[in-house]
Structure formats: structure tokens, C-alpha cells
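Here is a short report on the metal sites, the cavity, the aromatic pairs and the backbone. Follow along in the model.

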Amino acid sequence: MKAVLDHIGIAVKDLAAALAFYRDALGLEIEPPEEVASQQVRAHFVPVGESTLELLEATAPESPIARYVDKRGPGLHHITLRVDDIHAAVAQLKTRGARLIDEQPRPGAEGSLIAFVHPASAHGVLVELKQSPARPSTGSGRASSSDSSLTLSLSKGERADSVQRFSVGDLELISVCDGFFRLDGGAMFGVVPKPLWEKKASADARNRITLAMRPLVVRGVRTMIIDAGIGDKEDAKFCDIYGVDRRRNLDHTLADAGLSPDDIDIVLATHLHFDHAGGFTIRDASGRLRPRFPRAQYVVRRGEWEDAAHLHARNRASYLADNYVPLADAGVLQLVDDDRTIMPGVRVRRTGGHTMHHQMVLIESGGRTAAFAADLMPTTAHAPDAWIMGFDLYPMDTLAAKKQFAAEAIDKNMLVFFPHDPGVAAGYIREQNGKRSIQPAS
Ligand SMILES: [Zn+2]
Ligand SMILES: [Zn+2]
């Protein structure tokens, strides 16, 4: 098992005295505290190189930290080791007879999985194992690939979950991000064998690859958002299965773009899969589901809406009614029947393939064209014809639509947005000697 020291937790009785040592005497920087209400504790983070010290302050007399300090005095409370695969780590400890407080990993803060090992097995120290939520590798992972522009990883220094702005004529396009999730690599590339797709996207221990969720904001006469990511309504089990990492999410990136949900006039759906429509609704404090964008009209293709209301075994896992049924209940749903202009410069075009009524969005102004291809070309690795997702319901339709779209995009030098690429928000399709590739837009 490979493990790195994540942090050391120190139980503190007198915070002012602790700060006098760690901050003033040692001269370390203290980050703003974070309150963990469920544990009745306030954590003050002290970064020390790759690891962190956490000064843990009880916020109530019955807090576990208060009881610890009462019993043993202030001091070392726990150490946390970060592991790649916590399920494997727990299994290994069990076979070695270690005593575990958590027999099964459980959800921790910020989408992590954690499990505590009893101090009796760790020579008097409480040991926490932690598996961080899925994140894309940072650059080095597959840098040896011959065509680095197609490698699905973060290029150095660029954060995939940061805001990127583009302009097309009079329209401003802002690529935002609802974080990351993970899907089976085989399913993402259909008939393409693993030795080939693995060069483009490395798989984790569960054979999953990291994907981003990148909705697109279009600002023209009105402000539109195309798709809205996965949202925050799902439980820990779902977030574990799909490796959801929303530490930076749509709220953050909209704010970075100077926008709030109130600014959105139109929400346009390419289709209603949970990684595109999850952010359409939120659960409010009373537990009621309501539209996430309070002023917006939600535009959905009628065929997609009807398919989402009549699910079958092959598509059921991709649709969650809580994401879209509340829109109809709230009276904010507009169904469109055919290819048409949704606001000046923005029109939809059915592609089919991925779902029967999956649509892409074409954005035209000042003689330039951009395309939000949605799941017709989810990542830059899906540029070649045969790289079609196993999820697609009608892959031969995807093939035909992709061929036609790629030719048109090359011809018009379209700026193409990739909704799931963890490293490249947008780029230009190129073709040389029959080989298709993507030139990232800067
Ligand atoms: Zn989809
Ligand atoms: Zn998708």
C-alpha cells in the first residue's frame, strides 16, 4: 500500500495559546477555520509543505475533541494517511488482523472516503485512512503520448475547473465547470480497445477515467447557460460510484465569471442525462425540489423530454426524474419540436445518436461560428470517427452525425466546445492525412 501523510490533527484546549505557538512563535500561516458541525469541532489549517496541521477546537462540551482533551489533555489526536484505494487498504489491514473502527470506508469531508484504524493496532495513535475524491492527473501522467493535444489530462498550470472566456462576434462565451466525475473507460470509448484509449485517458483502479462537466454560458441579448452539470442532490453512494468531485463547482465558476444563478435568463438542455441536467434543480431547506435558476425559462427538446418520461432498461441509469420533472411542475419548461433559433445567434440542431433527440448548439455571430457539440464529441479524444461512446443508444447515427459535423467544423473553422474534456474546454478540429485531431483554443 502506498500512503502519503495528508495531515496531523492536534486537539487544542486553548486556541489563543495554540496560535501563540504555531502562528506567532513558529511563524506559520493559519488558514481561515472550517467548522464541522456534525463533529462539533472547528479546524484551523496550518499548511506545512505537502501536509497540513489541523488545530482542532471543540465547539461544544460534548464534542469528541472536548472529551478527548478532558481525558488526555491537549495534543496529538490523529494522523491521516492518504491512499489511492481505500477499499484495498482496509481489506489489507483486515487480513493482517488490524483492529478497525470503520470496517467499511465511509464518506468524509469534501467527497473523500475515510476509515479509522483503532489506536490499539497503531501503537497508540489514532490513524485515519483517506481516499481523495477523483481528480485528473496533473500533467505528467500520460505526457509520453505521441499526440499530447489529445491527452485527457490537465496541462501544467491550467486548471480545468477555471473559467475561460471566448468571443464569437457580438456574443461572449464563458466556459464554466461543475467539477469532475468518473465513468468506465471502456464504456466511454465503445469498440476502441483499452491499449488505445489508455494512451488518451488513464484509468483508475476501478477502470474509470476522469471527465469534467463544462456547461457553457452565452451572453448576448440575453444570458443563457447550456447544460448545468451534475448538481448537488445525489447521495454519498452515487458520488462514490461516479467519483464525483465538486470541490469547485458551478456556483464557484459562475461567481468567477461575475454571474449568479439570478442572471440566467435561459437554460438550454442538450439532453437530460444526469451529468448535464443534474444542476437544473436544487433541493431547498424544506426538502422541496425547485428550479436552480429562479428567473430562467428551461428549453428542452420535446422528443428528449418524452423519452425521459418513458425510460427503459438501456437508458434508465442515465435519467433522474428529480432533475427535470420539477421544471414542469414549476411552469418554467419550454419544449421545442425542431431545429430552431433559441435566442439571436444561438440555434439547436438534433444530432441523434447518443440519444434519439440529443441536440447540439450552434452559436453564430459576426461571420464566426462556435459549436457546443455536447455528447456527440464529449472530449477531444472522441474526435476520430470510430471513437464513439458505448453509452450511445444509436451509435451508427452518432457516426453519421459526427462525420458531417467534423467536415462542417473544419470548413467553417468552428470553435468547438467539449463538455467532458478535463483539460481542453474548446478547440478547432483539424484533419491531416486522414487523421483527425484537435488544436486547443488558447
Ligand atoms: Zn449524455
Ligand atoms: Zn455527458
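## Zinc ion, ligand 1

In this predicted model, the zinc ion (ligand 1) has four protein donors: H271 (NE2), H273 (ND1), H354 (NE2) and D375 (OD). They lie 2.1 to 2.2 Å from the ion. The angles among the 4 donor atoms run from 87 to 177°. The site is irregular. A tetrahedral call would need all angles between 85 and 135 degrees. Water is not among the atoms, so sites may look incomplete.

In sequence, the donor residues follow the spacing H-x1-H-x80-H-x20-D. H273 sits in the loop between β15 (266–268) and α8, and H354 in the loop between β21 (346–350) and β22 (359–365), so this pair ties together parts 81 residues apart in sequence. H273 and H354 are both buried.

## Zinc ion, ligand 2

Which residues hold the zinc ion (ligand 2)? Its protein donors are D275 (OD), H276 (NE2), D375 (OD) and H420 (NE2). Their distances to the ion are 2.1 to 2.3 Å. This site is irregular because its 4 donor atoms subtend angles of 83 to 153°.

The donor spacing along the chain reads D-H-x98-D-x44-H. Here H276 and H420 link distant parts of the chain, 144 residues apart. H276 belongs to helix α8 (residues 274–277). H420 lies in the loop between β24 (415–417) and β25 (426–432). Both histidines, H276 and H420, are buried.

How far apart are the zinc ion (ligand 1) and the zinc ion (ligand 2)? The distance is 3.4 Å. D375 coordinates both ions.

## The cavity

The structure holds 1 cavity of 30 Å³ or more. The lining consists of M213, R214, P215, D227, G229, D275, H276, F372, P419 and H420. By class, that gives 4 nonpolar, 3 polar and 3 charged residues.

Look for the link to the metal site.

## Aromatic pairs

The structure holds 11 aromatic pairs. One of them joins F238 and Y242. This pair is tilted, with 4.8 Å centre to centre and 50° between the planes. Buried means under 20% relative accessible area. F238 has 12%, so it counts as buried. Y242 has 18% and so is buried too.

W305 and Y324 form an edge-to-face pair. The ring centres are 5.8 Å apart, and the planes make an angle of 75°. The pair links distant parts of the chain, 19 residues apart. W305 is in helix α9 (residues 302–309), while Y324 is in the loop between α9 and α10 (325–329). W305 and Y324 are both buried.

Elsewhere, ring pairs join F189, W197 and W387 into a cluster.

## Tyr 22

Where is Y22? It lies in helix α1 (residues 15–25). Its relative accessible area is 17%, so Y22 is buried. Y22 and L129 are 107 residues apart in sequence. In space, their C-alpha atoms are 25 Å apart.

## Positive phi

Most residues other than glycine have a negative phi. N207 has a phi near 65°, a positive value. N207 lies in the loop between α5 (194–197) and β12 (208–212). Is N207 buried, partly exposed or exposed? Its relative accessible area is 21%, so N207 is partly exposed.

N413 also has a positive phi, near 50°. This residue is in the loop between α11 (395–412) and β24. At 36% relative accessible area, N413 is partly exposed.

Key: Residues are numbered from 1 along each chain as its sequence is written. Chains are lettered from A and ligands numbered from 1 in the order in which they are written. This is a predicted model: local features need pLDDT of at least 70, side-chain atom pairs count only at pLDDT 80 or more; totals for chains, interfaces and linings use all residues. Side-chain values use heavy atoms; hydrogens and water are left out. On a 1 Å grid over the protein atoms alone, a cavity is a set of points where a 1.4 Å probe fits but cannot get out, and a pocket is an open set with protein on both sides within 12 Å along at least five of seven lines; lining residues have an atom within 4 Å of a point. Grid points are joined across faces, edges and corners, and a volume is the space filled by probe spheres set on the points. Ala, Val, Leu, Ile, Met, Phe, Trp, Tyr, Cys and Pro count as nonpolar, Asp, Glu, Lys and Arg as charged, and the others, Gly among them, as polar. Donors are N, O and S atoms within 2.8 Å of the metal (3.2 Å for Na, K and Ca); water is not among the atoms, so sites may look incomplete. Four donors count as tetrahedral if all angles lie between 85 and 135 degrees; four count as square planar and six as octahedral if opposite donors are over 155 degrees apart and all others between 65 and 115; anything else is irregular. Helices (H or I, at least four residues) and strands (E, at least two) are DSSP runs, numbered from the N terminus. Buried means under 20% relative accessible area, exposed over 50%, partly exposed in between (1.4 Å probe, protein chains only). Rings of Phe, Tyr and Trp (its six-membered ring) pair if their centres lie within 6.5 Å; planes under 30 degrees apart count as stacked, over 60 as edge-to-face and the rest as tilted.
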